[in-house]
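Me: Please take one part of this model and go through it closely, in plain terms. I would like to know what pairs with what, and how the pieces are arranged.

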Amino acid sequence: MRSQPPRLLAAALLTALAATAIPAAGTAEAAEYERVLNGKFDSGSADPWWSSAGVTNRITGGELCASVTGGTTNPWDALVGQNGVPFESGQSYTLSFDAHATTAQPVAAAAGESVSPYRGIARQEFAVTPTKQHFTFSFTSTLDFPDAGNGQVAFQLGGQTADNTICVDNVSLVGGVKPPGGVVPNPTRKVQVDQVGYVPGLPKRATLVSTATTPQTWTLKNSAGATVASGQSTPKGADATSGDSVHSIDFSSFDTPGTGYTLVVGTDSSFPFDISADVVKKLRYDALAFFYHQRSGTPIEAQYVGDQYARPAGHINVAPNQGDNNVPCRADLACGYTLDVRGGWYDAGDHGKYVVNGGISAWQLLNSYERAARIGDASAFRDGTLAIPEKANGVPDLLDEARWEVDFLLKMQAPDGMAHHKVHDANWTALPTRPELDDQPRRLSATSTAATLNLAAVAAQASRLWKSVDATYSAKLLTAARKAYAAAKANPNKIADPNDGTGGGAYSDNTVSDEFYWAAAELYATTGESAYGTDVTSSPHYKAASLTRAGFYWGGTAPLGDITLALVPTGLPAADVTAIKTAFATVADQHLAAMAQMGYATPYDNSVDGYVWGSNSAVLNNAQVLALAHDFTGADKYRDGVFEALHYLLGRNPLSTSYVAGYGEQAVQNVHHRFWAKQNDPTLPIAPPGSLSGGPNSGLQDPIVQRLLPGCPQQKCWVDDIGAYSVNEVAVNWNSALAWVSGWAAEKSGKPPVPVADCEVTFTANRWSSGLSANVAVKNTGTTAWTSWKLGFALPGTQQVTAGWSANWSQTGRDVTATNMSWNGKVEAGKSVYIGFNASGAGGDPTAFTINGKSCKTG
Ligand code: 9MR
């Protein structure tokens, strides 16, 4: 996640700078504004300092040390520099720094322009020796880049025959009169809408930016410009989170489907949007496509993603990759073995693969499936729904995609049952670097309790879901899960190094009681074994005790256990399961109450930490809490809250920006990614449709936002810049949240909900390689007898019913129906009817059943 600008530009610039005369020294007379970022190197990172070819930057002892390959001709043939430095014409600046070198040599410091025509401002040479010295020089700028545009500061280290190492520290450029920051990152519309659209029958709200204290008239226009509805806004006043004065607009009563609507107030118009039941139906699949794009160890094929996103396999030991098939531990660990950890998904814009984070991501996809299979509509994820190589293997595609990661998680298990925390590059690579061109050694970090429990939880969950799909795999998963859980109990406090952030993220998590609860819940839901049940009920997290408006994330996973316990029938007391479900509704109510006060309604609690790294994923994980509250209670208000969250992400926000690439008129493009890096290399693509940007982060944790956005209102701390990794990266755990929520929303906006009948279906089957024999028990759980019945379900794979008994069987495509015979149409209340069938072909078990068109519970 560390970036460098194209090196050729930098070299060209310094050619120009070299010819520059040294202007007369001036004195800074204005406020002491510091103009370079990270001049002290205390964070351990070199960002945003870059180096040219032949120079390698390392942070050693709080200094930036540049290893320079000898044999260059000119000083500017070897460079270390920083771009985006603001300069104001006519203003005075003082550049100062400490420096020393292994071998004495001249070093020039230079200021100028980072792009063509590469004009220079100032340059001065200094005699750098093995003894650290403090250097300083002052100059007046002849160029004007007041807002962090194309200004540059660089050190020229070349012109020497021998290799050398030059270290610098305390680099400072003070001067200028313009206060830092204040750049508005995006043009802001005054009427903020979801740029994708609204669903008929659901609330439709927008935000007007206005300081007026009286209601304003709004009109809704269709694509021909005709007014189709109008009304008055409601003034809400100053909204601190966005920094805007706002009104709310509610046009819920307008329900006519169409495209190209705009909402107009005075002379201000919103971006266009649709009113359609289909607004999120495509997004559900694009959000999932992200994971195929991120696959490691396999070519990404044009037939699935189109030419611009196709690329060769990464990290399969084809040079210059050093491969993932034989990865040793970091040198300081001496673990004594190597692992084959090919496959999995790249985490984000980097090429790291992390068990903590891969875990929650795989879980969330699998949970999306499990929820749909138990209480929703899993047919949306059946085989053939995604553009992936496994799209015709008889297995639901969502399971296929998740398996790509689950297999990787299994590979990260060490011989003792513990899981390695992560595998990634030994050093950060430049941006862009396509996966197959990454030449860094790959290293395993130590095993950790958190990673081991992530593996235990996901493998146990997956074992449950593959039981009817691939029994051998299911058994293998359960064995791995049990082994991991036992290993974690034997090593309950092995915390990953929080400072292990070179070449990959740390993902350190120093509280693991939540991961213990999550893993125990998954193992209990899968096995029913009392030992796991006891670990669940004795946990301090039991019964959603730690579910709050903060929700869940990669480091806080207890609610994942709660979700499973609420969805999967177990031996827990019914009252405890009810308590878990009630907790989701309680927290959902807290979100709704807070959202009613916000200028831009979003289920996000900024009261403790402001907007954090990946805030958009927190919005979505909280939307999942709202969605489950709707599932558990049926209350419409929770469903509406889910759609409000999507409206915020898709444009109803103070930056008038859709944070999902490819969705909306003004959507994110320049995400922090080593392949989707068009901003740095025009031959590369922008982010593919359905990729979610991390979102506003008021912590301002990267150099780009530190320079551009100091003082930003929290919801505006975001910029569409490839270098702004703390606000604009993509990540698997963020897109898994988008996939879950958009899948749920698509299910809820597609067709009227299927009414629930008083019935329960228990499906059991004997399977062999080319078929199955199934027994189906259908129970009347109501209070009145049935006089006739018709059972419906879909076979997920290629299965064809060849014979059936105790019912009239028929099949159309995947859809199977069984209607009663004359002698078993009557089913008394509380009684069951038992029927069955044989089928040929491959695939999983049916997951959803209807009686007389209404859905049944599965037993
Ligand atoms: O998502 C992570 C966020 O919660 C942390 O605050 C941040 C800093 O440690 O790291 C984020 O994860 C990054 C990971 O460390 C490396 N790959 C990219 C991830 C997304 O930015």
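Reply: The domain assignment of the protein chain gives domain 1 (18–175), domain 2 (281–748) and domain 3 (756–858). The model is a predicted one. Between the centres of domain 2 and domain 3, taken over C-alpha atoms, there are 35 Å. In the contact of these two domains, 10 residues come from domain 2 and 11 residues from domain 3.

Now to the sheet. It is an open sheet of four strands, in the order E11-E13-E17-E16, and the pairing is antiparallel. Strand E11 (191–192) and E16 stand at the edges; each has a single partner strand, so one side of each is left without a neighbour in the sheet.

E11 pairs with E13 in the antiparallel sense, over two bridges. Here Val191 is found opposite Leu208 in E13. The next step goes from strand E13 (residues 205–209) to strand E17 (residues 244–250): these run antiparallel and are joined by five bridges. In this pair Val209 stands opposite Val246 in E17.

Pro235 has His247 in E17 as its bridge partner. E16 and E17 also form a hairpin, with four residues between the two strands. In the turn, Gly243 has a positive phi of about 80°.

For the arrangement of helices, take H6 and H8. Two packed helices are described by the angle between their axes and the distance between the axes. Helix H6 (residues 449–466) and helix H8 (residues 513–527) have axes that come within 8 Å and cross at roughly 20°. Angles under 35 degrees count as roughly parallel, and H6 and H8 are therefore roughly parallel to each other. Their crossing is left-handed.

Which residues in H6 meet residues in H8? On the H6 side they include Leu453, Ala457, Val458, Gln461 and Arg464. On the H8 side, Phe516, Trp518, Glu522 and Leu523 are among them. The residues of the contact of H6 with H8 divide into 11 nonpolar, five polar and three charged.

Definitions and conventions. Residues are numbered from 1 along each chain as its sequence is written. This is a predicted model: local features need pLDDT of at least 70, side-chain atom pairs count only at pLDDT 80 or more; totals for chains, interfaces and linings use all residues. Side-chain values use heavy atoms; hydrogens and water are left out. Axes are lines fitted to C-alpha atoms, for helices over the stretch in contact, and angles run from 0 to 180 degrees between N-to-C directions. Angles under 35 degrees count as roughly parallel, over 145 as roughly antiparallel, 65 to 115 as roughly perpendicular and the rest as oblique. A crossing is left-handed if the near helix is turned anticlockwise from the far one by less than a right angle, and right-handed if clockwise. Contact means heavy atoms within 4.5 Å. Ala, Val, Leu, Ile, Met, Phe, Trp, Tyr, Cys and Pro count as nonpolar, Asp, Glu, Lys and Arg as charged, and the others, Gly among them, as polar. Two strands pair if DSSP finds at least two bridges between them. Domain bounds come from an automatic or database domain assignment.
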